Amino acid sequence: MCPANRDDLWEGVRLSVAIADYVRLADPVTSGPAAAEARDAGLTTRETEILGHIVAGRTYGEIAIALVVSEKTVSSHVSHLLSKTGCANRVDLARWATRT
């Protein structure tokens, strides 16, 4: 692996932030009617972000990379989501988040 210079590193950080911002803007769970329901269920901002990724069909690994956390942290958030929503699994969570 070749060493990167400081400008390359900062460009990578800027790109990562831009991608994360795009995902949040395009996420139906963090904006619109579903967002109000998520707040009513007592979901934290991070749980709502995780829920958006679940709705998009992402794996724990993909979510972890996008949010710069470990897969264990994602798993913990999903457990809290299941408890707070009364859902049995990730598929139920996605249905809960997207129902009208």
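A salt bridge is a side-chain nitrogen of Lys or Arg within 4 Å of a carboxyl oxygen of Asp or Glu. The whole structure holds three salt bridges. This is a predicted model, in which local features need pLDDT of at least 70, side-chain atom pairs count only at pLDDT 80 or more, and totals for chains, interfaces and linings use all residues. Residues are numbered from 1 along each chain as its sequence is written, and side-chain values use heavy atoms, leaving out hydrogens and water.

**View 1. Arg-46 and Glu-49 form a salt bridge.** Their closest N and O atoms are 3.1 Å apart. Both residues lie in helix α3 (residues 45–55), three residues apart, about one turn of the helix. Helices are DSSP runs (H or I, at least four residues), numbered from the N terminus. Glu-49 is buried, at 11% relative accessible area. Arg-46 is partly exposed, at 28%. Buried means under 20% relative accessible area, exposed over 50%, partly exposed in between (1.4 Å probe, protein chains only).

**View 2. Lys-84 forms a salt bridge with Glu-47.** The closest N and O atoms are 2.8 Å apart. This pair links distant parts of the chain: Lys-84 sits in helix α5 and Glu-47 in helix α3, 37 residues apart. Glu-47 is buried, with a relative accessible area of 3%. Lys-84 is partly exposed, at 37%.

**View 3. Arg-95 meets Asp-92 in a salt bridge.** The N to O distance is 3.2 Å. Both residues lie in helix α6 (residues 90–98), three residues apart. Arg-95 is exposed, at 53% relative accessible area. Asp-92 is partly exposed, at 24%.

How values were computed: Helices (H or I, at least four residues) and strands (E, at least two) are DSSP runs, numbered from the N terminus.
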